[in-house]
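Dear colleague,

I am passing on to you the structure below, together with notes on what was found in it. Please read the notes alongside the sequence.

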Amino acid sequence: MKESLLKQITTVAREFESLSAEYGEIYVTAESLTAGFIGASIVEIPGSSGWFDRGFITYSNESKMELLEVKEETLKTVGAVSEETAVQMVEGALKHSSLATIGVSVTGIAGPDGGSAQKPVGTVWMGLMKKGHKAYAHCFHFKGDREEVRLQTTLMALKGLKALTVGDDPDSVFNAQ
């Protein structure tokens with residue numbers, strides 16, 4: 001499964017070169033559980049400086065508040081793994097990137113510990129947003145070990161960015177999986 005996911009990630013990441021040429025979008029990431037792997041997957045492609053501005057790795061709640069302006073009240077009331085946090089993360093990433101036009105954020109529980117009945121291991125919230133538009137959020141429940149959850153999150157983030165770039169509904173892409 002892991003090798004297949006890595007190949008899919010590389011395939012989708014390579015598409016950003018032609019997407020950039022056609023649509024001219026520039027991307028920013030705000031990553032918690034993937035700790036920079038989404039951004040790293042994009043910059044593996046030569047020429048990515050033309051379509052990738054920056055990535056925020058905000059693993060702690062403090063970094064989410066300091067770098068992305070996630071509200072302390074949000075983290076206290078609904079937690080880091082929530083729709084509200086994912087939305088505030090992507091909004092903050094776009095706010096703090098003067099170049100980026102589309103952003104993605106991910107926050108979740110990769111395991112093996114940290115899950116609960118309400119938020120089991122594999123729960124991931126993703127935020128997607130095009131600058132000047134309303135943020136979109138989606139919840140995933142991935143299966144597998146820690147690495148597989150992180151790889152599935154990375155793949156879906158890249159697919160979400162691609163969908164937003166070409167004007168597709170991210171839900172149609174995510175629900176087709």
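Not counting residues up to four places away in sequence, Met-65 touches Val-70, Glu-72 and Leu-75, where contact means heavy atoms within 4.5 Å. Met-65 is found in helix H3 (residues 61-68); helices (H or I, at least four residues) and strands (E, at least two) are DSSP runs, numbered from the N terminus. Met-65 counts as partly exposed because its relative accessible area is 26%; buried means under 20%, exposed over 50%, and partly exposed in between (1.4 Å probe, protein chains only). Between Met-65 and Thr-85 there are 10.0 Å in space, C-alpha to C-alpha, and the two are 20 residues apart in sequence.

Please note that this is a predicted model, in which local features need pLDDT of at least 70 and side-chain atom pairs count only at pLDDT 80 or more, while totals for chains, interfaces and linings use all residues. Residues are numbered from 1 along each chain as its sequence is written, and side-chain values use heavy atoms, with hydrogens and water left out.

Helix H1 may be taken next. H1 has 22 residues and reaches 31 Å from its first C-alpha to its last, close to the 32 Å expected at 1.5 Å a residue (1.5 Å times one less than the number of residues). A kink of about 30 degrees in H1 is centred on Glu-17, the bend being the angle between axes fitted to the seven residues ending there and the seven starting there. Among the buried residues of H1 are Leu-5, Ile-9, Val-12 and Phe-16. An α-helix has 3.6 residues a turn, so residues three or four places apart point the same way. The cover over the buried residues of H1 includes strand E1 (27-31), H2 and H6.

The largest nonpolar core has 34 residues, and those touching the most other members include Phe-16, Met-126 and Phe-174. Such a core is a set of buried Ala, Val, Leu, Ile, Met, Phe, Trp, Tyr and Cys residues joined through side-chain atoms within 4.5 Å. Elements that each supply at least two residues of this core include helix H1 (2-23), strand E4 (123-130) and helix H6 (146-166). H6 gives the most, with nine residues. Apart from this core lies another, of 20 residues, among them Val-28 and Val-90.

Finally, Ser-105 is located in strand E3 (residues 102-108). Ser-105 counts as buried because its relative accessibility is 0%. Beyond its neighbours within four places in sequence, the contacts of Ser-105 include Ala-86, Val-90 and Met-126.

With kind regards
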